[in-house]
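Here is a short report on charged side chains that pair up. Look at the model first, then read on.

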Amino acid sequence: SADLSSIIYVSNTYEKIFGRQISNLDEGTKFLLEAIYTEDKERVNRALQSLIQGAQLNEEYRIIRPDCQVRWIHNRAYQEFDASGSVQYI
């Protein structure tokens, strides 16, 4: 079944937008989720759980950069399936 335990691709613009090193994402999505603005975390976590269960993700939320700047993010995600119809990656 699908999960969000590892990240296989991150755009180079991640460092510019989030103000964090891509290499820190080796820990998986936990590090990414820590950047989400406190008031938005619960809603984003619910959307991520729906994504794992087959829904598409189309969310706007805030992040806090290490320099304390707040940025708005528009995040879209969907599932990619293999030939047998199983989720290969999100």
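## Asp40 and Arg43

In this predicted model, Asp40 forms a salt bridge with Arg43. Their closest N and O atoms are 3.5 Å apart. A salt bridge here is a side-chain nitrogen of Lys or Arg within 4 Å of a carboxyl oxygen of Asp or Glu.

Both residues sit in helix α3, residues 38-52. They are three residues apart, so about one helical turn separates them. Helices (H or I, at least four residues) and strands (E, at least two) are DSSP runs, numbered from the N terminus.

## From helix to strand

Asp40 also forms a salt bridge with Arg62, at 2.9 Å from N to O. Arg62 lies in strand β1, residues 57-64, so this pair ties together parts that are 22 residues apart in sequence.

Glu59 and Arg43 meet in a salt bridge too, at 2.5 Å from N to O. Glu59 belongs to strand β1 and Arg43 to helix α3, so the parts tied together here are 16 residues apart in sequence.

Asp40 is buried, with a relative accessible area of 5%. Glu59 also counts as buried, at 18%. Arg43 is partly exposed, at 28%. Buried means under 20% relative accessible area, exposed over 50%, and partly exposed in between (1.4 Å probe, protein chains only).

## The network

Salt bridges link Asp40, Arg43, Glu59 and Arg62 in a network. The whole structure holds five salt bridges.

Residues are numbered from 1 along each chain as its sequence is written, and side-chain values use heavy atoms, without hydrogens or water. Local features need pLDDT of at least 70, side-chain atom pairs count only at pLDDT 80 or more, and totals for chains, interfaces and linings use all residues.
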